[in-house]
Amino acid sequence: MTEPLIFEISRPGRCAVKLPDLDVPPAELPENLARDELALPEVSEADVVRHYTRLSQMNYSVDTGFYPLGSCTMKYNPKINEEVSRLPGFVHLHPYQNEESVQGALLLIYYLQEFLKEIGGFAGVSLQPAAGAQGELTGVLMMRAYHLDRGDAARDVILVPDSAHGTNPASTSMSGLRVLEVPSDLRGNVDMGALEAACGEHGDRLVGLMLTNPNTLGLFEERVEEIAALVHDCGGLMYGDGANMNALLGIARPGDLGFDVLHYNLHKTFGTPHGGGGPGSGPVGAAPSLVDFLPGPVVAMDEEWSEESLPHFTFVSPQKSIGRVKAFYGHFGVMVRAYTYIRMLGADGLRRVA
Amino acid sequence: MPYIPHSDADRQAMLAAVGVQSIEELLADVPERVRFPDLNLPPALSEMEARWELESLARSNFAAADGPCFLGAGAYHHFVPAVVDAVLRRGEFYTAYTPYQPEVSQGTLQAIFEYQTMICALTGMAVSNASHYDGATAAAEAVITAVNVHRMKRRKVAISPWVHPEYRAVVRTYTQGMGLEIRDWEIGDQGLDDETACLVVQYPDFLGRIEDLRPLAEAAHAAGALLVVVADPIALGLLKPPGEFGADIVVGEGQGMGAGLNFGGPYLGFFATREEYVRRMAGRLVGQTVDVDGKRGFVLTLSTREQHIRREKATSNICTNQGLVALAAAVYMAALGRCGMRQVAELCYHRAHYARQRIREIDGFSVVDDGPFFNEFVVRCPCPVSEVNEYLLAEWGIICGYDLGRDYARLDGHMLLCVTEMNPREEIDMLVAALEEVAA
């Protein structure tokens, strides 16, 4: 099955959208700034619908069949999430509106932060990162900032197991740090002997270790607490890649296992669609030692619930924040879906999902 | 339990097949001390209750659908034709995985290939990638690309102060470990030298101004630096594309093309460049090829730049990008096409000029006349901008402008107003009447 390119079905004079007539006097446009030609297709509305419908039929997807893909957890995308994320009170909300006019959106962001803190065992969460890889970059920059803040400027090594996803080393080098690969043992876990040797040799240069748990082979790192102790003993931090967090929902909390910072993937673990390659969302959770370094702004409750009044929410920037990692506040439309997913499953439901 | 298909009998059969008695037995590797935490989450809701809760949250906001909106500053209230969401709602698109397996992803791949081609047409560049998270991260990746083009030998980055303040902040966040020197630069300033990797400007700039970019391209190129242009794709329906002015990398926020305001995301970063920089470019790229039978097909290409293969030597770490939002932009560009894109831009342009002329006539308000502009302009207010905004929202139900004093001390008391095709003449006249009331 093939489908012509949209340009190949173009016919001069067609347009799929009717726009209103100009209702004000026209203004002059400087000639040197006006474009001469725009080589976009000319198609009717029916052409557009048929073209993209036929293209969609060339895809395999969760809605058309079983998708047993490890690591990137492809789960069913509930239809209610699509409905509520399209409510006009969310879709038409401008990010720079007065805070008083967006309290419903701020409440949703605040409680999603709270839910993720509770599920992951962390002291703080920022929903700003746009996807897992950006969550990684965020986490690595936070670890770097933590050491610099303590005046520990010589640390520049990140340990990454050889089974890790390629984004781990790429995020590390984007942060200006060095990657040191740690081999796996015969069972696919981190080789403890090699880790001890690396910690011995590079201990005072160690920023941290990036660990995916369960790892890319699907195995729970059975010695994760010992690994964390080794890294912490030489002053390093534990970064958790939450790609496989789905398996831990209600089973164990990364914060309790010794991780200092972790990214979640709302599009893997919390039922939001993969969208054929995005948009995802990669919130980052932090232990007390790293909370001040989270990217901002995050949402805080500045007036609690009371009998007389509703709570009030406001944006704040963490004290020693690494800065913002994207414009505005993150993928709000994805947050609405994940919030709904968690509200419908509750604690028991999440554990049964895992 | 919603979304979980297995019955108890199914579970027993699966446990028997792997030879264990209970699910708990499979979790023996999890340290007992932390196993099975009691999660303190609110009780689960039915679908009906969840819908009510979300509807009540959405209703408690005052959104751009509830009254006229003249707020822009990087996020724009543009019209989204119904065909866009009709396509996005197809499960075959939105529930598909990222297109690693071309044989089951031809729909996504061809749509992204067409998206890339249309972005090239709009920007006047030779190659476009498959997307970035938003305009700000695309700008940061453009800076990193420029530094990589010079093989890390040039460490200075010059940025116009009239690039979106949040984009400049994201460039700083992204590059904080790279040892770069990032500073403000405007035409007339010295210091574009042989250590400068790139000059970054915005078109229209943060204040809405448009100018001939050729002198900037010449200044950058004379120093051997790249010109990075952050562009508004809606404006490009009418304006000369940055490629014609000599830009080396064109990035921007694609939200205006089919993605709603959505309180700031998900949006769409687009990224286009010259052919010679394609191997230094960040992100994914879809290319056209032929299969074993000679039929046309599409694949992710030049992935040796990417982290899957190059790991720590990759051109960037981006993996999941904005596939579905790029699809929305593709459908938007196709649906509006050659004529519609120009019509939308013209409506924005002419209505914004009408609004500025009307506001200029109000005693107490003045407009800052600073040459040609597209659909945003600066207004000096007789009182703090926050007071104007609060009054217009409370008394008129109007979402008014952006307070420029937030980012520029010298623009305290100045407001950035935005007019789009969503603001008919009656709304503009209403805005003028409301501002007259403030001035009185």
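In this predicted model, the domain assignment divides chain B into domain 1, covering residues 83-331, and domain 2, covering residues 338-439. The C-alpha centres of these two domains of chain B are 29 Å apart. Where the domains touch, domain 1 of chain B contributes 11 residues and domain 2 of chain B contributes 18 residues. On the domain 1 side of this contact, seven residues are nonpolar, two are polar and two are charged.

Attention now turns to the meeting of the two chains. Here 136 residues of chain A are in contact with 139 residues of chain B. Several helices of chain A give two or more residues to this side, among them helix 1, helix 4 (103-120) and helix 5 (132-149). Helix 11 of chain A gives the most, with 15 residues. Sorted by class, the chain A side holds 78 nonpolar, 40 polar and 18 charged residues.

Two packed helices are described by the angle between their axes and the distance between the axes. Helix 1 of chain A (residues 45-56) packs against helix 12 of chain B (residues 323-360) at an angle of about 150°, and the axes are 9 Å apart. An angle over 145 degrees counts as roughly antiparallel, so helix 1 of chain A and helix 12 of chain B are roughly antiparallel to each other. The crossing of helix 1 of chain A with helix 12 of chain B is right-handed. At this contact, E45(A), V48(A) and Y52(A) from helix 1 of chain A meet V331(B), A334(B) and A335(B) from helix 12 of chain B. These residues comprise five nonpolar, no polar and one charged.

How values were computed: Residues are numbered from 1 along each chain as its sequence is written. Chains are lettered from A and ligands numbered from 1 in the order in which they are written. This is a predicted model: local features need pLDDT of at least 70, side-chain atom pairs count only at pLDDT 80 or more; totals for chains, interfaces and linings use all residues. Domain bounds come from an automatic or database domain assignment. Two residues are in contact if their C-beta atoms, placed from the backbone, lie within 7 Å. Ala, Val, Leu, Ile, Met, Phe, Trp, Tyr, Cys and Pro count as nonpolar, Asp, Glu, Lys and Arg as charged, and the others, Gly among them, as polar. Axes are lines fitted to C-alpha atoms, for helices over the stretch in contact, and angles run from 0 to 180 degrees between N-to-C directions. Helices (H or I, at least four residues) and strands (E, at least two) are DSSP runs, numbered from the N terminus. Angles under 35 degrees count as roughly parallel, over 145 as roughly antiparallel, 65 to 115 as roughly perpendicular and the rest as oblique. A crossing is left-handed if the near helix is turned anticlockwise from the far one by less than a right angle, and right-handed if clockwise.
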